[in-house]
Amino acid sequence: MTKEDEKVIPVRVVMRCRPLVSKEINEGCQCCLTFVPGEPQVIVGNDKAFTYDYVFDPTTEQEEVFNTAVSPLLSGLFRGYNATVLAYGQTGSGKTFSMGGTYTSEQENESTVGVIPRVIRRIFQEKSKCADCEFLLVVSYLEIYNEEILDLLCTSKDKPIISIREDPKDGIKIVGLTEKEVFTAHEMVGCLELGNSARTVGSTAMNAASSRSHAIFTISLEQRRKGDKSDVMVSKLHLVDLAGSERQKKTKAEGDRLKEGISINRGLLSLGNVISALGDESKKGSFVPYRDSKLTRLLQDSLGGNSHTLMIACVSPADSNIEETINTLRYADRARKIKNNLFGVLGLLGAFQITMEQINEKLQSKLEELRQHAEMCADPQAKDSPEAYTAQHALRQAQMSKELIELNNVLALKEAFVKKMCQNDHHLEPMQTEYQENIQSLQASVGSLQKEKEDLIQALQSAKKDTNQAKLSEQRRKRLQELEGQITELKKKLQDQSKLLKLKESSVRSLAKLNQEIQAMKSQRVQLMRQMKEDSEKFRLWKQKKDKEVLQLKEKDRKRQYEMLKLERDFQKQASVLRRKTEEAAAANKRLKDALQKRSEVAEKRKEVQNRGAEGVSSRIKNWLLNEVEVLVSTEEARRHLQDLLEDRKMLAEEISQLRQQMEAGERPVAKVRRRTLTIAELEGQGELEASISKQVESLETEMGLRSAQIADLQQKVLDADNDGRIKQRWDSITTIVEAKSALKILMAEVVASKVANAKLESELKQEKANLLDMQKILCDERKLMSSMDMEHQSQLVEMEQRHQEKVCFHKRQYLAEMQLFENLESEGAKKYKY
Ligand code: ADP
Ligand code: MG
């Protein structure tokens with residue numbers, strides 16, 4: 001900074017624009033500021049350009065702000081110049097962020113650290129460089145709220161009363177304020193943290209108050225050359241986080257509309273006046289109104305004169321904040337008059353083009369994403385479908401009935417066999433006893449024959465000795481031969497009979513075995529039949545459940561369709577409301593335009609009339625006044641519509657993001673459960689739904705784009721109408737008492753007329769409201785009736801369907817049983833015939 005600069009520019013003004021915060025992005029806000037590359041210039045809307053010492057766009061880092069704007073002040077401080085850094089702007093524009101008003105030591109090494117911690121670091125760096133000097137560093141931290149000073153470093157409960165005193169030698173003195181001597185950067189940062197936390201506590205307790213208070217962190221620096229007691233240099237640095245500059249919201253309910261509209265924070269008002277007085281070459285040497293507020297009084301010895309002042313005008317880039325942003329830019333402009341030009345418009349156009357291309361690219365990639373998503377969704381997985389289950393069941397049943405039939409066949413065969421055997425047995429039984437008896441008698445006869453034989457043999461042997469008996473011997477020999485033949489025959493018979501008996505025994509054994517087998521098969525059959533029954537019962541239950549589910553799904557589908565229809569209707573309704581609002585906004589726009597046009601016509605005419613000599617003061621004043629009122633009213637109307645449009649856009653943005661989320665999650669808005677049992681029809685429904693969602697998103701986006709364009713247009717008009725100059729000129733028209741009286745009369749008549757009209761409208765409104773209430777009640781009753789009827793109908797439908805299903809099942813079972821019986825009979829008949 002050269003000596004020349006210091007004289008010419010006591011106040012430096014920089015503008016800093018923060019990035020869009022996520023809330024603004026979510027609400028669909030657009031950036032309404034354009035930065036001219038390489039120029040300290042910002043353009044609002046289409047053509048309003050402002051130029052400052054520096055303009056920091058949203059990408060600017062804290063370090064750059066510090067190095068470019070604040071650092072030169074610190075060099076001055078060490079040379080004995082007082083300095084002040086002020087952060088100005090509406091609440092939420094980044095004042096505290098820029099100043100470092102939320103700093104805690106944990107953030108020490110972060111790049112987001114603001115001005116104050118950086119200043120502290122630099123001061124101690126500089127101090128360590130000057131080995132031949134002694135330093136005394138004192139800090140204080142205070143807050144001004146409602147023209148009252150609060151000590152942020154005083155932790156005790158009963159704080160002393162603080163007052164400002166002006167000392168001709170020492171300058172401004174604040175009596176009762178904590179002034180803490182510090183020796184290290186750590187200590188000084190500690191003071192900052194302490195005060196910040198005191199401020200934060202306050203802000204949670206009374207949020208509105210914190211944004212309406214000024215916070216001042218002051219560092220006093222006393223430098224003394226070692227060994228030279230007289231060589232003392234004192235300088236002061238104020239770091240100020242100003243109150244939010246926004247106009248207080250007009251609340252009709254409190255009736256204080258006018259008062260609140262005017263009461264901008266007194267500190268900010270007088271600061272503006274002071275700075276403008278300091279910056280205005282033509283007012284050099286004239287009175288500077290420091291005493292109008294505590295803020296300016298406190299800063300008095302650090303504003304103007306030998307002091308350096310830096311104002312950081314903080315703004316939001318969002319179009320929803322455009323009016324406050326313009327106010328901030330005007331305020332800052334007043335502080336630092338630099339001729340504006342539209343240098344670099346070509347560069348600007350280039351920038352626009354780049355932005356458009358970027359947007360285009362983004363849209364393309366989004367489109368591609370959506371396309372891929374849609375493809376993925378079109379490929380349903382048809383696993384575990386109810387159709388497959390039904391087929392499986394039929395197969396199982398067929399298998400089992402085949403088994404059953406085979407089993408029955410075998411069983412019948414075996415049973416028939418056993419029966420036959422039993423019949424044979426019956427015949428065999430008497431034969432058996434007969435045989436047994438036979439055997440006994442045969443054995444007895446064999447025995448007696450044997451005995452006879454032996455006797456005969458003996459007789460023969462004795463007869464050998466007696467020749468007389470030769471004839472008898474011959475007879476006996478014959479008899480013996482006979483006997484032997486009989487015995488052999490009998491033995492053979494005996495053998496046959498015992499063989500038969502053995503055969504009989506084995507047949508009994510096999511019969512027993514057969515019977516066992518038959519038993520086993522019968523139990524197997526029972527089991528199989530039970531299994532079949534169970535299976536078919538299970539299937540019946542499953543089917544019943546499925547049918548019910550299908551019914552429910554159908555019902556749901558119906559509901560969903562209804563919901564979709566409703567959504568569509570709501571959407572249409574909303575769209576028509578939006579359209580109406582848009583039309584209204586357009587009408588307001590036109591009205592404002594007409595009023596402005598008329599105003600200039602009136603001004604022209606007035607000149608003529610004045611030239612022709614005063615002819616009818618009253619009509620002239622009336623013309624002028626009514627037109628002025630019209631301008632004001634239509635400006636306010638336009639503002640209201642602007643607010644409406646901003647709200648609309650916010651709503652649209654919310655809706656879009658909700659729909660997008662739904663689409664990205666791939667979820668159906670209704671009935672998210674039971675994805676596994678989705679039928680094909682439903683899957684198709686999903687695709688349909690998705691298409692309808694993306695259609696909605698598309699049209700919502702178009703709507704949003706429209707809103708943004710309208711917002712920009714209306715804002716431009718309002719800005720034109722609300723021009724500084726016009727506001728000032730407004731009362732220049734009334735120059736005489738006669739004119740004033742006539743104006744008052746006209747105003748009076750207007751007020752009375754509008755009040756009467758208002759009262760009439762209100763009573764009409766009341767009547768309409770009552771009508772509306774009646775209609776709503778009727779509608780509500782009708783709806784209730786409808787829904788109860790609908791419910792009844794549905795339940796009847798379900799019941800009927802169930803009953804029908806049950807009947808079908810019953811008939812099916814009966815048919816199966818009959819078939820079975822028939823088959824059994826048939827096979828049995830066949831077997832009988834065979835045997
Ligand atoms: P103010 O003090 O003016 O009311 P803040 O400093 O509290 O505003 O800023 C409002 C919000 O914006 C905060 O969340 C803050 O972190 C953020 N912010 C402000 N300026 C910037 C910036 N330059 N870069 C990133 N975020 C910022
Ligand atoms: Mg703040």
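In soluble globular proteins, nonpolar side chains tend to be buried together.

The model is predicted: local features need pLDDT of at least 70 and side-chain atom pairs count only at pLDDT 80 or more, whereas totals for chains, interfaces and linings use all residues. Residues are numbered from 1 along each chain as its sequence is written, chains are lettered from A and ligands numbered from 1 in the order in which they are written, and side-chain values use heavy atoms, with hydrogens and water left out.

### Binding-site residues

An unreviewed UniProt entry places the feature "binding site" at Gly89, Gln90, Thr91, Gly92, Ser93, Gly94, Lys95 and Thr96; the positions follow the numbering used here, feature names are shortened, and annotations may be inferred rather than shown by experiment. Lys95 is found in helix α4 (residues 95-99), and Thr96 is found in helix α4 as well. Helices (H or I, at least four residues) are DSSP runs numbered from the N terminus.

Lys95 is buried, with a relative accessible area of 6%, while Thr96 counts as partly exposed at 27%. Buried means under 20% relative accessible area, exposed over 50%, and partly exposed in between (1.4 Å probe, protein chains only). Not counting residues up to four places away in sequence, Lys95 touches Ala87, Tyr88, Gly89, Gln90, Asp241, Leu242, Ala243, Gly244 and Cys314. With the same exclusion, Thr96 touches Gly101, Thr102 and Asp241.

### Arg297

Arg297 lies in helix α10 (residues 294-299) and is buried, with a relative accessible area of 15%. Leaving aside neighbours within four places in sequence, Arg297 is in contact with Ile164, Glu166, Ile172, Tyr290 and Arg291.

### Salt bridges

A salt bridge is a side-chain nitrogen of Lys or Arg within 4 Å of a carboxyl oxygen of Asp or Glu. By this rule the count comes to 34 salt bridges. Side chains of opposite charge can pair when their charged atoms come close. The table gives examples.

| Salt bridge | N to O distance |
|---|---|
| Arg225 and Asp231 | 3.3 Å |
| Lys522 and Glu415 | 3.2 Å |
| Asp594 and Lys590 | 3.1 Å |

Lys522 lies in helix α14 (residues 470-611) and Glu415 in helix α13 (residues 386-465), so this pair ties together parts that are 107 residues apart in sequence. Lys522 is partly exposed at 31% relative accessible area, and Glu415 is partly exposed at 29%.

Asp594 and Lys590 both lie in helix α14, four residues apart, which is about one turn of the helix. Asp594 is partly exposed, with a relative accessible area of 37%, whereas Lys590 is exposed at 53%.

In the remaining tabulated pair, Arg225 is partly exposed at 42% and Asp231 is partly exposed at 32%. Separately, Lys23, Glu27, Glu647 and Lys650 are linked in a network of salt bridges.

Conventions: Helix = DSSP H or I, 4+ residues; strand = E, 2+ residues; numbered from the N terminus. Contact = heavy atoms within 4.5 Å.
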